[in-house]
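Please look at the chain below before reading on. The questions after it go from the overall fold to single residues.

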Amino acid sequence: MCVCSVPGSGLGMKPDSNMVIRSLANYRPWMMMRRSLWLCFYCCPVSPETGPDLNMEFNPSDHPRASTIFLSKSQTDVREKRKSLFINHHPPGQIARKYSSCSTIFLDDSTVSQPNLKYTIKCVALAIYYHIKNRDPDGRMLLDIFDENLHPLSKSEVPPDYDKHNPEQKQIYRFVRTLFSAAQLTAECAIVTLVYLERLLTYAEIDICPANWKRIVLGAILLASKVWDDQAVWNVDYCQILKDITVEDMNELERQFLELLQFNINVPSSVYAKYYFDLRSLAEANNLSFPLEPLSRERAHKLEAISRLCEDKYKDLRRPTRKRSASADNLTLPRWSPAIIS
């Protein structure tokens, strides 16, 4: 949602922050516009007057050509892991890679428009793990709203060394999976969650660390579910999932998260696609392969039907315009061949 389209705000005017929060919390019909949000990137771009005062070319959550932060942070660990395997003469992985042949084609069921939920959540958890592990050693500002000691998610006592030990990837995965399973969120929402998380770290100039990672992830999921899913989860619903958290705390977390994002919740399609493919690259580099299955006859027919629909849809665009006269040097027309799109 662009800030100029929030109900009750004037066209082209930046609304009051409290008005935006009330709109996000109480106005449900705008949830039906999830994919139309991407159009805001073209019809209402972020400007220095109304948006973040940042260099967009270096911000991966806004610019499609900027490298994602999590992929950059993972490179050091991946190189060290490969170096250790080479020195110790260990095989690179336990999973046997499947290759297509003339008789069998192997495909996974994850696409940019319909990612595999389980493996997408695993990849997002791995990206968050690298964010925490390879954070700035000097340490950045720790905002109170994300501090788990000041705003605990459970009534159990927070350990005194809660900010010293990095969480394991499995712990992050269990936390994210629990929220997605209970709220019935989609895989696309997980990718948007990662976009918002990196946008927060860039805009607010903070690091995600053992003391704040749960509340940062919770805030990103809360916002992504409202922006993406048609039937968004209410703040009070998260209080049923996390029994010991209050609605007031959830509302304040959402309000401050939005303010730190400077109300920029646009996710261009090019940025979404970049994060999806970078997550796949992260999975491949860490031997987290998506499940491959042989191409069945039924799925082959389905892919052929999709290809035929796309061919008919763009038939008019491929048709050359009529000319009154043509040169003999230009008799060769471009040749088009059908493609199978998964």
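What follows is a set of questions and answers on this predicted model.

Q: What percentage of the residues in the chain is buried?
A: A residue counts as buried when its relative accessible area is under 20%. The chain has 342 residues, and the buried share of them is 42%.

Q: What share of the contacts with a separation of 6 or more comes from residues 24 or more positions apart?
A: Contact here means heavy atoms within 4.5 Å. Among contacts in the chain with a separation of 6 or more, the share from residues 24 or more positions apart is 81%.

Q: Which helix supplies the largest share of the positive patch?
A: The patch of positive charge on the surface gathers Lys118, Lys170, Arg174 and Arg177. Lys118 is found in helix α4, residues 117-133, and is partly exposed at a relative accessible area of 46%. The largest share, three residues, comes from residues 169-183, which form helix α5.

Q: How many salt bridges does the count come to?
A: Side chains of opposite charge can pair when their charged atoms come close. The rule asks for a side-chain nitrogen of Lys or Arg within 4 Å of a carboxyl oxygen of Asp or Glu. By this rule the count comes to six.

Q: How many residues apart in sequence are the parts that Arg199 and Asp62 tie together?
A: Arg199 and Asp62 form a salt bridge, with their closest N and O atoms 3.2 Å apart. Arg199 lies in helix α6 and Asp62 in the loop between α2 and α3, so the pair ties together parts whose separation in sequence is 137 residues.

Q: Which helix holds Asp249, the partner of Arg215?
A: The side chains of Arg215 and Asp249 meet in a salt bridge, at 2.9 Å from N to O. Arg215 is buried at 0% relative accessibility, and Asp249 is buried at 12%. Arg215 lies in helix α7, and the pair ties together parts 34 residues apart in sequence, so Asp249 belongs to another element, helix α9.

Q: What distance separates the C-alpha atoms of Pro137 and Asp207?
A: Pro137 sits in the loop between α4 and α5 and counts as exposed at 78% relative accessibility. Asp207 is 70 residues away along the chain, yet the C-alpha atoms of the two are separated by 9.9 Å.

Q: How far apart in space are Leu295 and Leu107, C-alpha to C-alpha?
A: Leu295 is placed in the loop between β2 and α11, and at 28% relative accessibility it is partly exposed. Leaving aside neighbours within four places in sequence, its contacts include Ile105 and Leu107. Leu295 and Leu107 are 188 residues apart in sequence, but in space the distance is 6.3 Å.

Q: What is the phi of Glu205?
A: Most residues other than glycine have a negative phi. Glu205, in the loop between α6 and α7, is not a glycine but has a positive phi. Its value is about 55 degrees.

Q: Where is Asn287 placed?
A: Asn287 has a positive phi of about 55 degrees although it is not a glycine. Asn287 is partly exposed, at 39% relative accessibility. Its place is in the loop between α10 and β2.

How values were computed
Residues numbered from 1 in each chain as written. Predicted model: local features only at pLDDT ≥ 70, side-chain atom pairs only at ≥ 80, totals over all residues. Heavy atoms only, no water. Patch = residues over 30% accessible without salt bridge, like charges linked within 9 Å, V, L, I, M, F, W, Y side chains within 5 Å. Areas by Shrake-Rupley, 256 points an atom, 1.4 Å probe, with all protein chains shown as cover. Lys, Arg positive; Asp, Glu negative; His and termini not counted. Charge placed at Lys NZ, Arg CZ, Asp CG, Glu CD. Helix = DSSP H or I, 4+ residues; strand = E, 2+ residues; numbered from the N terminus. Buried < 20%, exposed > 50% of the residue type's maximum accessible area, 1.4 Å probe, protein only.
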